[in-house]
Amino acid sequence: MNFGIHPLLLVTFFPLVGVLVILFFKTQQKIAIRWTALATSLVTFGISLWMLAQFQPGTAGMQLELRVPWLRLDGLAIDFYLGVDGLSILMVLLTALLTPIAILSTWSAVEDRVKGFMIFFLLLEVGMTGVFLALDLVLFYVFWEFTLIPMYFLIGIWGGERRIYAAVKFFLFTMAGSLLMLLAILVIGFQTGTFAWSDLLEKRELFAAAQTWLFLAFGLAFAIKVPMFPLHTWLPDAHVEAPTAGSVILAGVLLKMGAYGFLRFNLPLFPEATVKFAPYMAILAIIGIIYGAAVSYAQKDMKKLVAYSSVSHLGFVVLGTFALTAQSVSGSVLQMVNHGLSTGALFLIVGMLYERRHTREMSAFGGVWKVVPVMGALMLVVTLSSMGLPGLNGFVGEFTILLGSFGSQALGSPWFAGVATLGVILAAVYLLVMFEKVFLGPVKVEANLTLKDLNVREIVTLVPLLILIFWIGLYPQPFFNLINPSVENLVSMVSSALLAAH
Amino acid sequence: MTQADFYSILPILTILLWALVLLVADLWIPKERKSMTALLAAVGLAVGVGLSLSQVGQTALTFKGMLMLDNFAVFLNIIFLVSGILAIALSYDYLKRMGIERGEYYVLLMFSIAGMMLLSQAYNLIVVFLAIEFLSIPLYILAGFARPRLESEEAALKYFLLGTFSSGFLLYGIALIFGATRSTGLEGIMASLSGGETNMVLFVAGAALMLVGFGFKVAVAPFHEWAPDVYQGSPTPASAFMAVSVKAAGFAVLLRIFLTAFPTLAQQLMPVAWGVAALTMLVGNVLAINQTNLKRLLAYSSIAHAGYLMMAFVSASNPAQTGQAVSAMLYYLVAYGLTTFGAWAVVVSLEQAEGKGLELEDYAGVGQKYPWLGAAMLVFMLSLSGIPLTIGFWGKFFLFRTTVEAGFTSLALVGLFTSLVSVFYYLRVVVYMFMRPGEPRVRRDGWLSLVAVGAAVAVVLLSVLPSRLLDIAAQAVLRLQ
């Protein structure tokens with residue numbers, strides 16, 4: 001395979017071309033910088049579609065693998081190893097889709113230091129794509145940590161009032177988790193002599209004895225990122241302070257890195273420990289679902305509400321992951337995409353309201369549908385999608401997860417799914433309350449009478465998300481076709497451990 | 001003196017003679033053209049690098065077993081020489097600007113480097129002692145070079161008093177070991193140990209005293225107290241030089257003596273070294289949190305890094321891991337040295353007369369007004385905290401790897417948690433530079449920018465291709481046993 005045009009290499013590193021070009025612009029050339037960034041991210045999206053075209057949906061294993069030695073030293077073999085399968089392909093596509101959308105959303109929102117913003121944004125895309133494609137533990141760690149730096153700056157420079165606090169908290173929380181993961185990676189490397197994912201699967205016996213600790217070390221890093229209750233406290237701060245585009249990427253992609261990490265590493269590498277911890281992880285997930293929903297309901301600030309709703313929604317993803325049935329895991333993967341789409345769209349609309357009124361307090365709005373009907377209609381669709389109305393994407397994901405978890409042998413009780421179902425109802429409550437407070441009823445605040453409806457650019461940022469919301473809601477089969485073979489393979493790996501345990 | 005003897009010290013001799021000639025020649029160099037002296041000193045050091053490179057791959061025990069030439073020594077000599085060149089690049093404009101430009105500065109720097117090179121080749125405890133004095137005395141003077149500034153004089157006095165105090169420990173330790181083994185040469189000591197005719201009580205006491213002496217030199221806790229004051233008071237380029245090369249020299253001799261001559265002792269002293277390493281990492285990183293003066297912050301950071309280096313020393317006590325631990329330490333030294341010099345270069349470019357421009361507030365707005373300088377400092381801070389895509393990450397990676405493999409997972413855990421602490425204060429610098437508005441005053445100087453940006457580029461590039469340097473570090477180790 002030709003090294004220069006390998007699709008995975010290209011999809012990961014193409015944004016760097018944009019970074020290089022932007023470096024040559026002057027700080028004042030904001031428009032040129034924005035267009036360059038947008039064009040770069042659109043081309044990257046095109047490349048990701050090209051990658052999709054080369055992907056064989058029916059196969060379970062890794063595809064389009066690229067593996068070159070990176071570092072060789074006595075007893076140490078670190079590879080530059082990329083590959084894609086059903087677990088990661090949708091994540092890469094989601095990243096490539098959300099980045100241009102987020103960039104487009106900053107057109108009028110970010111006026112200050114545009115050059116730096118776009119550079120960090122494109123660097124962030126490199127890091128995120130790398131996380132989803134890396135199959136060498138050290139390479140994965142490098143990408144994983146690397147995503148911290150641009151996001152830290154996006155929050156810290158372009159964020160709200162308490163941005164520095166939020167940025168540092170974000171950095172330290174994530175770092176705390178990943179340092180233990182680094183230690184676990186070193187231990188695995190020491191015991192097997194390799195860091196490559198596929199080799200580790202074969203040599204699993206070598207570190208099987210230590211897998212409880214390894215599971216916990218990896219799990220902590222991922223649980224902080226997801227975030228799972230009680231490690232979620234960095235998330236509301238980061239979300240509220242981050243600029244809109246940052247929130248979109250944070251909710252849409254960065255949180256998925258944690259959930260993806262569970263699927264990619266914890267489940268296949270430590271199956272016995274996974275089975276052992278599955279009920280506990282599920283309990284934490286359910287606490288997260290209910291707690292996130294309850295706290296969301298109590299919020300007055302729309303962005304905070306959406307941020308806490310992420311804690312609740314990601315709880316479903318974790319529940320599905322640790323229910324360990326093919327159905328529930330597939331649902332989790334799809335729900336990761338769904339959450340990216342609907343929460344991304346929610347953050348975008350909240351950001352648009354904020355740009356117009358410079359407040360996110362729900363009490364400052366009310367009845368604005370009459371003034372901004374297009375925004376109101378789109379918001380309604382997005383809200384319904386987020387709360388899981390049948391016919392829209394959220395329903396497909398959550399329903400599959402709940403159905404899969406209901407009969408889960410690993411959890412051993414239908415109560416998990418039963419309690420989680422409450423979360424769906426609660427989501428309807430807090431989301432509809434928000435919608436009602438902001439869009440319905442009479443216009444209470446005079447300033448809202450002159451609100452401008454969405455312009456063409458804003459509609460363009462939302463339309464791709466809405467198309468996918470309907471597509472997945474009405475005809476999810478093509479997506480499941482991509483996911484299922486790899487998920488079935490993954491579940492079969494874990495289920496042997498499950499059989500041994502029961 | 002045989003030809004082999006002569007050849008083994010050729011780089012040291014060259015540097016020494018060059019410095020002596022320069023000391024005299026400087027008298028005829030007019031006051032406004034002291035850049036000549038700087039340039040000549042740098043050329044001398046560059047010649048030294050060339051000569052050292054020609055010694056790569058040779059192993060020779062010379063001067064009747066007093067000196068050892070091996071790749072380990074050559075590797076370190078090159079570190080010393082290069083950091084000397086970098087220190088000159090930082091000093092040239094700084095001295096002029098602060099009004100303390102005198103030719104002796106460069107000569108003293110060269111003397112100190114010659115001492116360090118002698119130390120890295122020393123194979124006899126007497127030579128070790130002489131070399132340590134030889135490298136330290138010029139540094140005492142350099143620390144006070146900014147006289148009559150009070151802080152500088154204070155730094156010099158503190159450094160001198162504590163330095164001589166630690167030399168006392170060292171000398172007493174050497175005397176006890178001589179008493180125990182009837183030899184000061186490492187070969188003689190080894191022979192005595194394997195012959196079983198050593199008085200072990202005296203021997204252990206001597207070794208422990210030597211460890212204390214070296215502990216002072218490399219500033220590990222609890223012998224670290226002098227470092228922040230000295231680094232703060234000394235002329236900044238001199239602090240940078242001390243932070244890198246003295247540390248390298250100290251660890252070099254620590255490894256050489258304890259792993260070559262006292263291998264059995266290494267295991268007995270291991271718990272002590274373990275405690276020192278853990279304490280140093282804790283103390284350095286925790287005390288750095290509250291620092292608002294950049295020079296003090298970097299001083300505490302250098303203490304913390306001495307703790308990480310100590311971790312490699314602990315791992316080296318496991319015989320199966322010795323080679324790997326030493327190469328990890330050498331790699332870490334290079335990573336640390338490169339990054340530290342870069343960071344100090346940024347500090348030098350912001351420093352104003354009378355010790356102004358060193359507070360964190362003075363860094364506000366640097367990232368916005370001087371994006372390249374800010375980006376360089378960002379790279380250094382990330383590298384010092386060990387975040388990927390910097391050479392500092394690989395330094396920590398190899399260090400923690402060897403620590404885990406040598407069976408000291410709990411020490412690695414301490415290291416990991418303290419590096420989490422370190423992230424906090426390194427990020428604080430970044431916060432000030434990029435997230436606070438301000439009007440920073442930056443000195444534009446070609447050499448400074450070259451060091452800062454060059455080091456930043458090297459830190460990133462070497463992280464993408466880390467293996468070549470590690471190969472070299474690995475080869476530097478083979479002749480140690």
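This is a predicted model: local features need pLDDT of at least 70, side-chain atom pairs count only at pLDDT 80 or more; totals for chains, interfaces and linings use all residues.
Me: Is Leu490(A) buried or exposed, and in which helix does Leu490(A) lie?

Reply: A residue counts as buried if 20 or more other C-beta atoms lie within 10 Å of its own. Leu490(A) has 25 other C-beta atoms within 10 Å and is therefore buried, and Leu490(A) lies in helix α20 of chain A, which covers residues 477-501.

Me: Which residues is Leu490(A) in contact with, leaving aside its neighbours within four places in sequence?

Reply: With those neighbours set aside, Leu490(A) is in contact with Leu263(A), Leu267(A), Pro268(A) and Val329(A).

Me: How should I read two packed helices, and at what angle do the axes of α15(A) and α16(A) cross?

Reply: Two packed helices are described by the angle between their axes and by the distance between those axes. Here the axes of α15 (residues 326-357) and α16 (residues 373-387) of chain A come within 9 Å and cross at roughly 145°, and the crossing is left-handed. Among the residues making the contact are Leu346(A) and Ile349(A) of α15(A), together with Leu378(A) and Val382(A) of α16(A); by class, the residues of this contact divide into 8 nonpolar, 4 polar and no charged.

Me: How many residues of chain B are in contact with chain A, and which helix of chain B gives the most?

Reply: The size of an interface is often given as the accessible area lost when the parts come together. Counted by residues, 24 of chain B are in contact with 23 of chain A, and α18(B) gives the most to the chain B side, with 11 residues. That side has 19 nonpolar, 3 polar and 2 charged residues.

Definitions and conventions: Residues are numbered from 1 along each chain as its sequence is written. Chains are lettered from A and ligands numbered from 1 in the order in which they are written. Helices (H or I, at least four residues) and strands (E, at least two) are DSSP runs, numbered from the N terminus. A residue is buried if 20 or more other C-beta atoms lie within 10 Å of its own, exposed if 12 or fewer, and partly exposed in between; C-beta atoms are placed from the backbone. Two residues are in contact if their C-beta atoms, placed from the backbone, lie within 7 Å. Ala, Val, Leu, Ile, Met, Phe, Trp, Tyr, Cys and Pro count as nonpolar, Asp, Glu, Lys and Arg as charged, and the others, Gly among them, as polar. Axes are lines fitted to C-alpha atoms, for helices over the stretch in contact, and angles run from 0 to 180 degrees between N-to-C directions. A crossing is left-handed if the near helix is turned anticlockwise from the far one by less than a right angle, and right-handed if clockwise.
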